[in-house]
Amino acid sequence: MARFIHDQFAKQYLSELLSSLGKVETSKDIAAEVRQVDVFFIPSSSPSISPDELGLLGRLTNTPAIFEPFRNPITANDIRTCMLKLFVLQGKWERENVNVKNSQLPQLWLLTPTASANLLDRVRAKPQKSWPQGIYFLGDILKTAIVVIHQLPRTSETLWLRLLGRGRVQQQAILELEALPKTDRWRNNVVKLVYELLIILAQRQKPLLDRDDLELIVTLTQMYEEAVAELREEAEKQATRRLITNILRVRFEEVDENLTAIIEAIASCPSEEFTPLLLQLSREELLIRFSREEEEENN
């Protein structure tokens with residue numbers, strides 16, 4: 001089922017992000033009768049990064065937590081089932097940790113793309129002033145909150161949660177992910193997970209995919225094609241630089257720092273222009289010509 005595919009993606013995705021902050025277990029058994037929580041998180045006493053780096057998602061990791069991501073809008077039965085798992089885990093937690101306080105018990109975060117006002121009212125889920133729009137808390141003693149992803153403000157702080165939305169919200173978040181600097185801590189690994197999701201979805205027959213999945217495939221395919229084109233362009237540039245370096249080495253035996261400094265300027269010219277120049281001009285003429293062009297570009 002497509003839902004299972006997205007569930008697996010959500011587990012891998014959350015595990016990738018949260019592992020820097022503490023211990024992460026996916027599909028954790030919590031009772032003799034087989035019940036599993038999707039993601040169980042225990043914060044580290046000395047995490048390798050600051051939770052702030054994950055924005056709002058990082059804020060959800062201040063205490064031990066259960067993350068239950070839903071591809072489809074959450075239902076009353078979903079809430080009851082997840083809360084039952086929470087209470088079983090909390091009971092186990094209290095038995096293993098003497099004198100544990102309520103504030104130290106695992107917190108349940110239900111991640112849903114949408115939730116009706118009627119459902120939120122029926123479970124008495126309320127917003128809190130200290131939290132952004134889209135997060136609703138049940139009574140304090142219940143240690144449960146519903147994160148309505150499509151209601152979250154579209155900011156960098158919410159990006160890592162919006163990636164678990166669906167439809168246009170998820171597509172927009174994926175575009176924002178792709179636009180992050182390539183030096184970003186999680187960008188490349190998360191993009192890899194997104195591409196793996198594309199491959200799995202693309203292998204399924206169209207009648208088994210809903211409209212959101214089909215639109216997601218289009219978005220991811222375009223993103224993938226652009227990434228491939230970018231890699232191909234960079235590979236061509238590297239090949240051109242190697243060609244220029246080899247010609248310079250053959251002509252002048254050594255490519256010193258002065259010649260190295262003009263390789264980029266030479267490579268910016270069409271090959272039909274720079275090839276005759278490399279073969280005909282002297283070392284000094286090359287340095288004068290392309291050093292001047294580089295200075296003009298910088299100015």
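# Exercises on a predicted helix and strand model

The chain holds twelve helices and six strands, where helices (H or I, at least four residues) and strands (E, at least two) are DSSP runs numbered from the N terminus. This is a predicted model, in which local features need pLDDT of at least 70 and side-chain atom pairs count only at pLDDT 80 or more, while totals for chains, interfaces and linings use all residues. Residues are numbered from 1 along each chain as its sequence is written, and side-chain values use heavy atoms, with hydrogens and water left out.

## Exercise 1: confidence and burial

Task: state the mean pLDDT of the chain, and find where confidence is lowest and where it is highest.

Solution. Recall that pLDDT is the predictor's confidence in each residue, from 0 to 100. The chain has a mean pLDDT of 81, with 82% of its residues reaching 70 or more. Helix H12 (residues 283–298) has the lowest confidence, at a mean of 72, whereas E5 has the highest, at 97. As to burial, 43% of the 299 residues in the chain are buried, a label that means under 20% relative accessible area, with exposed being over 50% and partly exposed in between (1.4 Å probe, protein chains only).

## Exercise 2: aromatic pairs and charges over rings

Task: classify the ring pairs of Trp109 with Trp131 and of Trp160 with Trp186, and locate their partners in the chain.

Solution. Rings of Phe, Tyr and Trp (its six-membered ring) pair if their centres lie within 6.5 Å, and planes under 30 degrees apart count as stacked, over 60 as edge-to-face and the rest as tilted. By this rule there are five aromatic pairs. One of them joins Trp109 and Trp131, whose centres are 5.7 Å apart with 45° between the planes, so that the pair is tilted. This pair links distant parts of the chain, with Trp109 in strand E4 (residues 107–112) and Trp131, 22 residues apart from it, in the loop between helix H4 (117–122) and strand E5 (135–137). Both Trp109 and Trp131 are buried. Trp160 and Trp186 form an edge-to-face pair, at 5.9 Å centre to centre and 70° between the planes. Because Trp160 lies in helix H5 (residues 159–162) and Trp186 in the loop between helix H6 (167–179) and H7, the pair ties together parts that are 26 residues apart in sequence. Trp160 and Trp186 are both buried as well. Ring pairs also link Trp109, Trp131 and Phe137 into a cluster.

A charge sits over a ring if NZ of Lys or CZ of Arg is within 6 Å of the ring centre and within 35 degrees of the ring normal. Arg59 lies over the face of Trp131 at 3.7 Å from the ring centre, and Arg185 lies over the face of Trp186 at 5.6 Å.

## Exercise 3: the nonpolar cores

Task: name the residues that touch the most other members of the largest nonpolar core.

Solution. A nonpolar core is a set of buried Ala, Val, Leu, Ile, Met, Phe, Trp, Tyr and Cys residues joined through side-chain atoms within 4.5 Å. The largest has 40 residues, of which Tyr13, Leu57, Phe67, Trp109 and Trp160 touch the most other members. Leaving aside neighbours within four places in sequence, Leu57 is in contact (heavy atoms within 4.5 Å) with Leu14, Leu17, Leu18, Phe67, Trp160 and Leu161. A second, separate core of 24 residues includes Val37, Phe40, Met83 and Ile146.

## Exercise 4: positive phi

Task: describe the setting of Arg124 and of Glu253, with regard to phi and accessibility.

Solution. Most residues other than glycine have a negative phi. Arg124 has a positive phi of about 55°, lies in the loop between H4 and E5, and counts as exposed because its relative accessibility is 54%. Glu253, with a positive phi near 70°, is found in the loop between helix H8 (211–252) and helix H9 (257–260), and its 71% relative accessibility makes it exposed.
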